[in-house]
Amino acid sequence: MRAAVELVNTAVEPDTLLTQEQVETWWTAHRYTGRHDRDAAELSALRGIRDELRTLLTSDRDGAAEIANAMLSDARAVPQLVRHDELDWHIHAISSEAPLDRRVIVETAMAMVDLIRADELSRLSVCADDGCEGLVLDLSRNRSRRFCSTRCSNRNAAAAYRARERSATE
Ligand SMILES: [Zn+2]
Ligand SMILES: [Zn+2]
């Protein structure tokens with residue numbers, strides 16, 4: 001889910017999914033395995049699914065259930081227990097040889113299935129910064145995350161500080 005949120009957030013201006021290197025950073029950060037073509041087609045396919053993922057991640061519970069179902073059936077997802085690298089048995093619902101963008105769709109839909117079942121969709125929100133469309137995934141126990149990035153939280157902390165200063169000197 002974190003990988004999907006980050007991927008969607010690369011589309012928030014300025015776009016930060018323009019180069020192979022940026023794909024690589026994202027791939028490595030989320031310890032992806034399996035097929036990775038490292039070519040222009042893969043980059044453009046990844047760029048192309050960001051809107052679709054955003055719609056899934058920002059829909060209400062019933063809407064998200066419908067979209068996740070459609071994504072899984074379109075991909076003919078078949079949940080299988082797999083064990084690879086150092087990872088113990090876990091679920092993959094699509095072959096590791098499928099194109100990366102298809103796998104991201106299926107994995108995100110599967111993660112969404114868990115969130116929907118647990119009725120935890122409130123963990124997903126849009127950044128509290130007025131001008132920012134970034135998504136926030138809050139997995140913290142006290143649900144304290146409101147901003148998509150340290151850049152947004154710093155900007156807002158600074159603005160709140162200035163506002164306090166102003167009211168203190170008035
Ligand atoms: Zn795996
Ligand atoms: Zn933000």
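# Pockets, helices and backbone in a predicted model

User: How many nonpolar, polar and charged residues are in the lining of the second largest pocket?
Analyst: The model is predicted: local features need pLDDT of at least 70 and side-chain atom pairs 80 or more, while totals for chains, interfaces and linings use all residues. Classes are nonpolar (Ala, Val, Leu, Ile, Met, Phe, Trp, Tyr, Cys, Pro), charged (Asp, Glu, Lys, Arg) and polar (the others, Gly among them). For the second largest pocket the lining has 10 nonpolar, seven polar and five charged residues.

User: What space lies in the second largest pocket, and which residues are closest to its centre?
Analyst: A pocket is an open set of 1 Å grid points where a 1.4 Å probe fits, with protein on both sides within 12 Å along at least five of seven lines; lining residues have an atom within 4 Å of a point. Probe spheres on the points, joined across faces, edges and corners, fill the volume. The second largest pocket holds about 410 Å³. It is lined by 22 residues, and closest to the centre are Val5, Glu6, Asn9, Thr10 and Thr16.

User: Which element gives the largest share of that lining of the second largest pocket?
Analyst: Helices (H or I, at least four residues) and strands (E, at least two) are DSSP runs, numbered from the N terminus. At least two lining residues each come from helix 1, helix 2 (20–29) and strand 4 (135–137). With four residues, the largest share belongs to helix 1.

User: Which residues lie closest to the centre of the largest pocket?
Analyst: The largest pocket has about 870 Å³ of space. Its lining counts 27 residues, and the closest to the centre are Met1, His90, Ile91, His92 and Glu107.

User: Which element gives the most to the lining of the largest pocket?
Analyst: Two or more residues come from helix 1 (2–9), strand 2 (87–92) and helix 6 (100–117). By class, this lining has 14 nonpolar, seven polar and six charged residues. Eight residues of the lining, the most from any element, are given by helix 6.

User: How is helix 3 oriented to helix 6, roughly parallel or roughly antiparallel?
Analyst: Helix 3 (residues 40–48) packs on helix 6 with the axes 8 Å apart and an angle of about 30 degrees. Angles under 35 degrees count as roughly parallel and over 145 as roughly antiparallel. Helix 3 is therefore, relative to helix 6, roughly parallel.

User: Which residues of helix 6 meet helix 3?
Analyst: Contact means heavy atoms within 4.5 Å. Helix 3 brings Glu42, Ala45 and Leu46. Their partners in helix 6 are Leu100, Asp101 and Val104.

User: What is omega at the cis peptide bond that joins Glu13 and Pro14?
Analyst: Pro14 sits in the loop between helix 1 and helix 2. The bond from Glu13 to Pro14 is cis, and omega is about -5 degrees.

User: Arg38 has a positive phi; is Arg38 exposed or partly exposed?
Analyst: Arg38 is not a glycine, yet phi is about 55 degrees. The residue lies in the loop between helix 2 and helix 3.

User: What is the relative accessible area of Arg76?
Analyst: Arg76 also has a positive phi, about 50 degrees, without being a glycine. Arg76 lies in the loop between helix 5 (61–74) and strand 1 (80–84). Arg76 is exposed (over 50%), with a relative accessible area of 71%.

User: In what order do the elements of the protein chain run?
Analyst: Residues are numbered from 1 along each chain as written, chains are lettered from A and ligands numbered from 1 in written order, and side-chain values use heavy atoms, without hydrogens and water. The protein chain has seven helices and four strands. From the N terminus they run α-α-α-α-α-β-β-α-β-β-α.

How values were computed:
Axes are lines fitted to C-alpha atoms, for helices over the stretch in contact, and angles run from 0 to 180 degrees between N-to-C directions. Angles under 35 degrees count as roughly parallel, over 145 as roughly antiparallel, 65 to 115 as roughly perpendicular and the rest as oblique. Buried means under 20% relative accessible area, exposed over 50%, partly exposed in between (1.4 Å probe, protein chains only).
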